[in-house]
Amino acid sequence: MRRARSGAAAKPRAQKGSGASRAPAVEAAAPGADRARRPAGQAGGGSRSAAKQPSAKRRPQSSPRAQEAGPGEPPPEPPLPPPAPSASELDLGEQRERWETFQKRQRLSFEGAAKLLLDTYEYQGLVKHTGGCHCGAVRFEVWASADLHIFDCNCSICKKKQNRHFIVPASRFKLLKGADSITTYTFNTHKAQHTFCKRCGVQSFYSPRSNPGGFGIAPHCLDEGTVRSVVVEEFNGSDWEKAMREHKTIKSLSKE
């Protein structure tokens with residue numbers, strides 16, 4: 001009965017709500033108002049719906065990242081990874097001055113200078129060849145000798161497509177672009193992966209049956225300027241098992 005006598009201020013609030021009675025803010029000064037604000041388990045005879053209303057209006061707490069962004073804005077991007085160390089951050093010892101002078105003279109970043117040295121000394125005695133298919137969708141680079149040893153195989157498929165190739169380990173081959181432009185043909189044992197461009201049909205490299213852990217590179221698909229000489233060896237692929245048993249080195253060409 002005390003809530004019914006709380007004054008005229010209770011009438012506008014009752015019209016605004018959904019029918020559940022709730023004590024207005026000014027009721028805090030009225031006698032007995034603390035009884036109306038007790039939890040439902042403590043208040044005697046009070047309305048349970050009025051006691052539960054405050055918890056129904058609680059908003060779920062958002063994550064710290066969502067709190068940082070304004071309303072309607074996407075959360076901020078995650079922090080970028082730390083940059084690569086520079087020469088000043090590495091322990092170069094007495095070679096620091098030489099290294100920094102080398103970078104300045106060659107006008108290279110730290111990464112560019114490291115790449116130049118790796119390209120020069122990682123595969124000593126080899127050169128970096130580049131090549132690809134006819135339409136340009138497939139491009140690759142491969143480290144191999146400037147003096148190429150070419151196999152001319154006469155198996156059923158190599159004879160039809162004139163598949164002359166030299167063999168390198170997989171670690172020395174890098175596909176620069178065109179992974180989505182390549183399709184593969186296999187037959188018989190399905191060990192050889194005859195890859196070629198879906199657009200122009202040119203096979204510039206493939207995975208040979210003799211060296212499934214390496215790549216066979218078509219020398220006629222290399223860019224000009226890096227091949228010094230070519231030696232061609234005939235391989236009797238029409239009698240493949242016998243030719244593999246008799247050949248002394250072909251199995252090891254895909255090994256490091």
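In which loop is His-190 found? His-190 sits in the loop between S6 and S7. The model is a predicted one: local features need pLDDT of at least 70, side-chain atom pairs count only at pLDDT 80 or more, and totals for chains, interfaces and linings use all residues. Residues are numbered from 1 along each chain as its sequence is written, and side-chain values use heavy atoms, with hydrogens and water left out.

Stay with that loop for a moment. Phi of His-190 is near 65 degrees, a positive value in a residue other than glycine. Asn-188 lies in the loop between strand S6 (182-185) and S7 too. Asn-188 has a positive phi of about 55 degrees, although it is not a glycine. Most residues other than glycine have a negative phi. Asn-188 counts as exposed, at 59% relative accessibility. His-190 counts as partly exposed, at 46%. The cut-offs are these: buried is under 20% relative accessible area, exposed is over 50%, and partly exposed is in between, with a 1.4 Å probe and protein chains only.

Now step back to the whole chain. Its secondary structure comes to eight helices and 10 strands. Of its 256 residues, 26% count as buried. The accessible surface is about 18200 Å², and 51% of that belongs to carbon and sulfur atoms. These areas come from the Shrake-Rupley method with a 1.4 Å probe; for residues, only the protein chains shown count as cover. A contact means heavy atoms within 4.5 Å. Among contacts between residues at least 6 apart in sequence, 55% join residues at least 24 apart.

What holds the interior? A nonpolar core is a set of buried Ala, Val, Leu, Ile, Met, Phe, Trp, Tyr and Cys residues joined through side-chain atoms within 4.5 Å. The largest such core has 17 residues, and those with the most contacts inside it are Val-142, Phe-166, Phe-205 and Ile-217. Strands S2 (139-144), S3 (147-153), S4 (164-169) and S9 (214-217) each give two or more residues to this core. S2 gives the largest share, three residues. A second, separate core of 12 residues includes Cys-155, Tyr-206, Phe-235 and Ile-250.

Phe-205 deserves a look. Leaving aside residues up to four places away in sequence, Phe-205 touches Val-138, Phe-140, Phe-173, Leu-175, Ile-182, Thr-195, Phe-215, Gly-216 and Ile-217.

Leu-222 counts as buried, at 11% relative accessibility.

On a 1 Å grid over the protein atoms alone, a cavity is a set of points where a 1.4 Å probe fits but cannot get out. A pocket is an open set with protein on both sides within 12 Å along at least five of seven lines, and lining residues have an atom within 4 Å of a point. Grid points are joined across faces, edges and corners, and a volume is the space filled by probe spheres set on the points. The structure holds one cavity of 30 Å³ or more. The largest cavity has a volume of about 40 Å³. Its lining includes Phe-205, Val-138 and Cys-197. Strand S7 (residues 194-197) gives the most to that lining, three residues.

The second largest pocket holds about 340 Å³ of space. Of its 22 lining residues, the closest to the centre are Cys-153, Cys-155, Ala-192, Arg-209 and Trp-240. Helix H7 (156-161) gives the most to this lining, with three residues.

Last, the cysteines. The structure holds zero disulfides, a disulfide being a pair of cysteine sulfur atoms within 2.5 Å. Cys-155 is buried, at 14% relative accessibility. The sulfur of Cys-135 is 3.6 Å from its closest cysteine sulfur, in Cys-197, again too far for a bond. Cys-135 is partly exposed, with a relative accessible area of 28%.

Key
Helices (H or I, at least four residues) and strands (E, at least two) are DSSP runs, numbered from the N terminus.
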